[in-house]
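Here's a quick walk through the structure below. Keep the viewer open as you read.

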Amino acid sequence: MLDPGLIAAENQPHYAEHRRDYEHLGHQLQRCEIDIEGVVAQVMAFEVAVPSWALGTGGTRFGRFAGPGEPRDVFEKMEDIALVHQLTGATPRVSLHIPWDEPDDPAELRQHADALHLGFDAVNSNTFQDQPGQGHSYKFGSLCHTDAAVRAQAVEHHLHVVEVGKALGSEAITVWLADGSNYPGQMHLRKSFERVLDGLRQVYAALPPAWRLFTEHKPYEPAFYATVVQDWGSSLLLAQHLGPQAACLVDLGHHLPKTNIELVVARLIGAGKLGGFHFNDSKYGDDDLTAGSIDPYQLFLVFNELVDAAVEGVEGFDPAYMIDQSHNLKDPIEALLQTVEALQRAYAQALVVDRAALSDYQDQNDVLMAEGALTQAYQTDVAPLVAEARQRQGGALDPVAIFRASGYRAAKADDRAAAAYVPPSSL
Ligand code: LRH
Ligand code: MN
């Protein structure tokens with residue numbers, strides 16, 4: 001953690017400018033009868049979970065370029081996440097991947113988390129890799145496998161992940177299955193889905209009453225012909241068959257180019273099955289780039305659907321917000337700070353949409369004015385109110401600037417020099 005004095009707004013070089021910018025934005029929004037204080041309060045309440053697998057440098061099959069001072073284990077990852085939370089006030093929970101970041105002693109990790117004022121969001125299963133000593137291979141799938149012994153092993157893994165989650169105080173499991181095929185004819189397209197549903201039913205039956213199970217769809221990779229849970233429709237079918245504790249998780253990178261993702265979100269909200277998000281951005285495939293870095297308007301349009309549902313009071317609307325990124329070139333902490341900023345901005349922009357006017361223009365089919373109601377909000381520079389929201393929670397006006405000024409990474413490079421970070425086998 002950093003010395004609070006380093007973060008305190010009044011010690012920031014640009015504090016006076018910030019105050020002026022904030023007052024000015026307040027007047028701007030007042031002209032649209034929007035109370036800036038109300039928006040700040042909502043942005044202060046915005047929280048997003050950080051994935052344990054995003055604190056070390058990510059890589060691709062072509063290589064990984066490790067950075068200095070990377071966390072060497074899940075305990076050090078928690079320390080880095082606690083720093084992101086200190087600087088943003090918006091990341092109080094961690095989403096663990098099992099077994100990548102499975103603690104030997106969950107109680108010990110939970111104690112460490114408590115000391116860092118962190119909690120645990122959804123835990124993630126992993127049947128897309130074979131672990132040392134594993135009885136059966138997942139080469140041809142896990143819950144979809146034609147061999148009942150492989151399916152039983154995969155169900156067992158999910159039950160184990162739920163147990164680890166319970167010990168950590170998590171209340172959800174995210175199931176992303178790599179299950180699929182590379183060639184036409186390789187896999188029965190209906191029976192493979194039925195087998196996955198059957199396996200998830202066994203996992204669902206073991207969920208504690210307060211838990212949720214998130215099904216995560218993905219069009220391809222590592223399967224390059226058919227993925228069993230390929231799209232939102234397949235994910236929705238699973239969640240509907242499983243029951244009320246099951247819902248769909250939308251990873252923004254899991255859509256074919258030009259997919260209208262905000263429409264997918266609206267459909268899942270309408271079906272009462274929007275479970276949550278893996279926020280990131282992409283130009284081509286599942287690139288896991290920093291959220292808002294490639295298509296910030298799309299991110300705004302997704303948040304516009306979320307705010308619209310919240311304002312309307314859609315029943316059961318309670319999506320879990322999580323980040324899922326791979327930081328191959330940026331410092332992982334800086335990338336996460338930038339991501340939280342992008343999410344807070346998209347949310348704040350969606351909060352300043354004049355929804356009454358938008359609804360009237362839609363009813364009157366006034367295309368240009370309806371579009372304008374969104375673009376005006378999107379083009380509003382909400383940076384001062386987002387910074388204000390962070391500052392009021394003890395966070396930084398400019399998190400990346402404070403992080404760089406703190407010398408945290410260099411200090412960790414010294415501390416963590418011994419025994420470098422060993423990334424999970426696939427990353
Ligand atoms: C699959 C995925 C899934 C995680 C993995 C790290 O591409 O998005 O959510 O298990 O990335
Ligand atoms: Mn994901």
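**From sheet to metal site**

β1 and strand β4 (residues 93–95) pair in the parallel sense over two bridges; strands are DSSP runs of E, at least two residues, numbered from the N terminus, and pairing takes at least two DSSP bridges. Val 50 sits opposite Val 94 in β4. This is a predicted model, where local features need pLDDT of at least 70, side-chain atom pairs count only at pLDDT 80 or more, and totals for chains, interfaces and linings use all residues. Residues are numbered from 1 along each chain as written, chains are lettered from A and ligands numbered from 1 in written order, and side-chain values use heavy atoms, leaving out hydrogens and water.

Zoom out a bit, and three strands make an open, parallel sheet in the order β1-β4-β5. Its edges are β1 (50–51) and β5 (119–120), each pairing on one side only.

Now for the metal. The manganese ion (ligand 2) has Glu 216 (OE), Asp 251 (OD), His 278 (ND1) and Asp 324 (OD) as its protein donors, 2.1 to 2.2 Å away; donors are N, O and S atoms within 2.8 Å of the metal, or 3.2 Å for Na, K and Ca, and with water not among the atoms, sites may look incomplete. Glu 216 in strand β9 (residues 212–216) and Asp 251 in strand β11 (residues 246–251) are 35 residues apart, so this pair links distant parts of the chain. Both are buried, meaning under 20% relative accessible area with a 1.4 Å probe, protein chains only.

Key: Helix = DSSP H or I, 4+ residues; strand = E, 2+ residues; numbered from the N terminus. Buried < 20%, exposed > 50% of the residue type's maximum accessible area, 1.4 Å probe, protein only.
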